[in-house]
Amino acid sequence: MADTSEQLTRAILELREEEVLQLVRQRLAAGEAPLEIIAALRQGVAEVGQKFEKGEYFLTELIMAGKIFKEAMVDLEPALERSRQQSQALGTVVIGTVKGDLHDIGKNIVIIMLRSAGFLVHDLGIDVPPQTFVNKVREVNADLLGLSGLLTVSFNPMKETVAAMHAAGLRERCRIMIGGGPTDERVRAYTGADYVGQDAGQAVRLAKAALGVA
Amino acid sequence: MVTPKERVLKALNLETPDRVPLVPQLQQFAARYAGITMEEHLFDTEKCAGAFDVTWRGLGGWDAWVMAPRPEGFVNDLRPIPIAQPGRELPPDVMYQVHEKPIMTVDDYERILDVGYKAFLRDYFFRLHPDWQSTTLHERAVLIRDLQKAAIAKYEAQNVPTLVGGIAETPFDEISQMRSFEEFTFDLFRRPDLVERVLRVVTKDITDTALRMAKGAGGLAVWIAGLRSSCAFVSPAQFERFVWPSIQYMVEHIIDAGFYAYLHLDQDWTKNLPYLRSLPRGKCLVHFDGWTDIFKAKEVLRDHMCIMGDVGPTLLTLGSPDEVSQYCRKLIDGLAPGGGFLLGSGCELAPDAKRENVEAMFETCREYGAYS
Ligand code: B12
């Protein structure tokens, strides 16, 4: 088994889409536990992420790896349900691009990295009003809220979302991190968020730190 | 008295003018400054021109327009992506919004190869605007040309040049937006040969169209936008295959037609700087948006290509006048020596920039930017 796991990890690392999907189907047919297959896939995406951080891989490669992972999960999810296995998430994250802002390339990268690191991520998409964030955080009992924004006019909706979390009494139990091109420490202070992340790797490190997981 | 035009031309030609030319890419900020709505700014020719004039006088002028001071809304209509505009799909006083979704399909690649990009676009625009008539596309292009021509001539009469007459994006950026960034990324891995062939066809047609616009409207340069085509997005191998050949082709033809090539480069191009060095000397202008290391760019492109930039959106909106002034001094110290530098905003000057910050930027350039 270790062998095919390695093969799968390598196939995703080298972005061989067909091969990954074939391997996943083969292993499912052979009766292997879906969680083990997922672990091998995650390992692959995580290695792509590491190469990305080292500057050996580029954004398009990370996005392709995320896509392959997502496609493989289409086959894996029914099997997961049948086997009643639950993957143990490191924590629950709600994320979205704030009201008025439609940029999502960076946010989607952050999601790929968070998921492959083992977080359960609820993506609210783009142009998300403050109250929608609040409702989702409450509904899924999220540990962390991620706000993405690439426009300077997004700083106010970010600030409003932080305030809405306060008003809803959720501010204490759910940390808030912001990110996206023009955000920096100054913007963090302005919005009242807890953290600001410069890139997807940092988003994962911040999420782990915020939740106290290694 | 040195005129703004002389000043800008010297910098473009890698010489040293009397002071660093001030060339902000000032567009939507004028609406905020003059107190008109975004809808008026985008569609009302007279109010738009009035707002630009008020801003020009209020801030004491500058040395060149980047885009001609004309309403941008009509130009947005001719971009091959869905754009929601204020007063139409949006409330009258918000910024326009680009909705990127895969309106172009995989089958369209073959179609472009069959009929050519220009013919393909004519059909494609009906998908975006089902209400258009067969003549609309042409009429809109003529309208924009005439608006640009009038706006450029008006300021040219005061010796203030406009840089951009013709507008293009790299074919990679254009198709990426029509396919949507993610779908196009998958295409690069799943059908690279097809994409490469299509980009070659598109390159020629995009260049033709931009040059036709520039010849009709005037302006010193033709704009080539690279928004998502640097190594902040693609691998060097992908850059060399899907991006760089188009840029080389476009630059060469723009220069042949007697214009400067204006490379408007968003996001981080630091890794791509050595490529720029191989473009013809003294014929290109490169504009960074604050994400590329502009000081590193000076090292690589010194005496080769005029550099413009890069006072960015966060600083102009949340910073203080002191901080803005400090950053402008740093830019002037690092980039002015030896000439070939225009002080400008990072991409478009942030629409919600603080007025006093823009004033600090302009004053610092005028005072601290003198070559003595
Ligand atoms: C691609 C792009 C677009 C695409 C968006 C496609 C899409 N689906 O996202 C399109 C063409 C649609 C677009 C539209 C517009 N854009 Co735009 N766009 C860009 C561009 C070129 C690149 C952005 C990008 O994708 N970067 C790559 C990703 C990977 O980087 P990133 O988003 O920063 O994400 C990374 C980190 O920031 C971090 N991160 C991101 N989110 C989060 C969240 C958390 C919680 C954490 C921890 C970290 C994190 O991790 C990511 C991965 O490492 C930037 C230029 C720039 N310099 O950024 C302009 C830019 C953001 N756009 C800008 C503008 C103004 C617009 C428009 C208003 C139109 C216009 N005039 O161009 C519209 C607005 C639409 C709207 N309402 O949102 C300006 C904003 C400036 C300002 N004043 O605010 C920029 C900065 C260009 C500029 N220099 O002027 N744009």
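B:Asp310 is placed in strand S8 (residues 306-311) of chain B, where helices (H or I, at least four residues) and strands (E, at least two) are DSSP runs numbered from the N terminus. A cis peptide bond, with omega of about -25 degrees, joins B:Gly309 to B:Asp310. The model is predicted, so that local features need pLDDT of at least 70 and side-chain atom pairs count only at pLDDT 80 or more, while totals for chains, interfaces and linings use all residues. Residues are numbered from 1 along each chain as its sequence is written, chains are lettered from A and ligands numbered from 1 in the order in which they are written, and side-chain values use heavy atoms, with hydrogens and water left out.

The ligand lies between chains A and B. Of the 42 residues around the ligand, those that come nearest are A:Leu102, A:His103, A:Asp104, A:Thr152 and B:Asp289; a residue is near a molecule or strand if one of its heavy atoms lies within 4 Å of it. The shell divides into 20 nonpolar, 14 polar and eight charged residues, with Ala, Val, Leu, Ile, Met, Phe, Trp, Tyr, Cys and Pro counted as nonpolar, Asp, Glu, Lys and Arg as charged, and the others, Gly among them, as polar. At least two shell residues are supplied by each of helix H5 (105-117), strand S3 (144-148), strand S4 (175-179) and helix H9 (200-211) of chain A, and by strand S3 (97-98) of chain B.

The cobalt atom of the ligand has a single donor from the protein, NE2 of A:His103, 2.3 Å away. Donors are N, O and S atoms within 2.8 Å of the metal (3.2 Å for Na, K and Ca); water is not among the atoms, so sites may look incomplete. A:His103 lies in the loop between strand S1 (92-97) and H5 of chain A. From chain B, a polar side-chain atom of B:Asp289 lies 2.7 Å from a nitrogen atom of the ligand.

On a 1 Å grid over the protein atoms alone, a cavity is a set of points where a 1.4 Å probe fits but cannot get out, and lining residues have an atom within 4 Å of a point. Grid points are joined across faces, edges and corners, and a volume is the space filled by probe spheres set on the points. Three cavities of 30 Å³ or more are counted by this rule. The largest has a volume of about 50 Å³, and its lining, which includes B:Lys298, B:Arg302 and B:Asp303, divides into four nonpolar, three polar and three charged residues. The second largest cavity has a volume of about 40 Å³; among its lining residues are B:His41, B:Phe52 and B:Glu72.

Over all chains, the structure holds 37 salt bridges, each a side-chain nitrogen of Lys or Arg within 4 Å of a carboxyl oxygen of Asp or Glu. In one salt bridge, the side chains of A:Glu71 and B:Arg190 meet at 3.2 Å, N to O. This pair crosses between chains, from helix H4 (residues 59-82) of chain A to helix H10 (residues 181-190) of chain B.

Note on methods:
A polar contact is a pair of N or O atoms within 3.5 Å; within protein, one must be able to donate a hydrogen and the other to accept it, and residues adjacent in sequence count only if both atoms are side-chain atoms. On a 1 Å grid over the protein atoms alone, a cavity is a set of points where a 1.4 Å probe fits but cannot get out, and a pocket is an open set with protein on both sides within 12 Å along at least five of seven lines; lining residues have an atom within 4 Å of a point.
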